[in-house]
Amino acid sequence: MPRFSRSRSTASEGHAVNGFARKLDFGKLTPAQFVQVLETLHMLGNAGAGIELSSLTTQALVDVVHRASRDQLKALADHPELRAAFLDEIFRRMSEHFRADRARHVDFVVSWRFSGGTGDDGYDRFQTVIESGACVSSTDLSRTPDTTLTLSVDDFIRMATGTSAPAAMFVTGRVKVKGEYAPAVRFSSYFDIPKPSTGN
C-alpha cells in the first residue's frame, strides 16, 4: 500500500468533499439519511464524477466518525457497499499512518473478523502484517495470525479513528481476542491517528 505523496495529500485537503463533510450537520440526520449521504458520495465516486470517499482526508474521516451517532455508524455498518468501502478505506490508510519508529522490533500478524459479514462463516476478514518496519493490510489470509480480533464493523470504525479507546473496548469485551493479547492491546500505539478537530 503506497503512501500518499505530498502533492496528492495537499490536493485531497482542498477537495470539495472535505468542505462538504465539515459543513454537514450530522445531528439533523436520521441514520437512514446519514447512510443516504454517504451512499451518494460512494455512487458518485463509482461513476467517475471525481467525488469519492477516498478524497476525504484522514482528518475529515476522523471528524465524520466523531460527529456521527452510534445509530448512524451502525446503519453504515449494516449497508453492504458502505461497509466494504469504509473497511477498505481504513485498511488502505493504515500504512500511511504507521509509525515504523514505534514498531522497530515488532513482527506480528493480526487477523480481523467482523461480525455480520458475507463470508461463509458470517464474517468479513482482513489481515494486517507488521514486519521489517512496514505495515500491510489486505484480504489475503495466507499468514498464520499471532492474534485474531473479532468485533463489529461500527466498533472497528470508532476504534480505528480514535473515537473509542481501544483499551476500554478490550476490557468490556467489545473486542474479542484469540491468541496473543499484548500485541492486540498495543496495536493502536503503532499508528498516528489524527485527533478530532476542535469544535466538531
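**Sheet, pocket and cavities in a predicted model**

Within the sheet, Leu149 of β4 is the bridge partner of Trp112.

β4 spans residues 147-151 and runs parallel to β1, to which five bridges join it. Another position along this pair of strands is marked by Phe114, which stands opposite Leu151 in β4. β4 is mostly covered, five of its five residues being buried. Which residues of β4 point one way, and which the other way? Thr147, Leu149 and Leu151 point one way, whereas Thr148 and Thr150 point the other way, and all are buried. Buried here denotes a relative accessible area under 20%. β4 also pairs with β5, in this case in the antiparallel sense, through four bridges. In that pairing, Thr150 stands opposite Lys176 of β5.

β1, residues 108-115, is likewise mostly covered, with six of its eight residues buried. Strands of a sheet pair through backbone hydrogen bonds, in either the parallel or the antiparallel sense.

Taken together, five strands make up an open sheet of mixed pairing, and their order is β3-β2-β1-β4-β5. Why is one side of β3 and of β5 left without a neighbour in the sheet? β3 (134-138) and β5 (176-179) stand at the edges and each has a single partner strand, so one side of each lacks a neighbour in the sheet. From one strand to the next, the twist averages 20°. Helix α6 packs on this sheet and touches β1, β2 and β3; the direction of α6 makes about 5° with that of β2.

α6 (80-94) also takes part in the second largest pocket, where α5 (70-78), α6 and β2 each supply at least two residues of the lining. This pocket has a volume of about 180 Å³. Its lining comprises 14 residues, and Pro80, Arg83, Ala84, Thr118 and Asp124 are those that lie nearest the centre. The largest share of this lining comes from α6, with five residues. By class, the lining of the second largest pocket divides into five nonpolar, four polar and five charged residues.

Rolling a probe the size of a water molecule over the atoms shows where empty space is left. The structure holds three cavities of 30 Å³ or more, and the largest cavity has a volume of about 300 Å³. Which residues lie nearest the centre of the largest cavity? They are Ile90, Met94, Ala160, Thr161 and Ile193, from a lining of 23 residues. Five helices each supply at least two residues of this lining, namely α4 (58-67), α6, α7 (153-160), α8 (166-171) and α9 (181-186). The lining of the largest cavity divides into 17 nonpolar, four polar and two charged residues.

The second largest cavity has a volume of about 80 Å³. Among the residues that line the second largest cavity are Val17, Phe20, Ala21 and Leu24, together with Phe34, Val37, Leu38 and Leu41; Phe26, Leu56 and Val64 also line it. α2 (16-23) and α3 (31-46) each supply at least two residues of this lining. The helix that gives the most is α3, with four residues. How many nonpolar, polar and charged residues does the lining of the second largest cavity have? It has eleven nonpolar residues, with no polar and no charged residues.

Key: Residues are numbered from 1 along each chain as its sequence is written. This is a predicted model: local features need pLDDT of at least 70, side-chain atom pairs count only at pLDDT 80 or more; totals for chains, interfaces and linings use all residues. Side-chain values use heavy atoms; hydrogens and water are left out. Buried means under 20% relative accessible area, exposed over 50%, partly exposed in between (1.4 Å probe, protein chains only). Two strands pair if DSSP finds at least two bridges between them. On a 1 Å grid over the protein atoms alone, a cavity is a set of points where a 1.4 Å probe fits but cannot get out, and a pocket is an open set with protein on both sides within 12 Å along at least five of seven lines; lining residues have an atom within 4 Å of a point. Grid points are joined across faces, edges and corners, and a volume is the space filled by probe spheres set on the points. Ala, Val, Leu, Ile, Met, Phe, Trp, Tyr, Cys and Pro count as nonpolar, Asp, Glu, Lys and Arg as charged, and the others, Gly among them, as polar. Axes are lines fitted to C-alpha atoms, for helices over the stretch in contact, and angles run from 0 to 180 degrees between N-to-C directions. Contact means heavy atoms within 4.5 Å.
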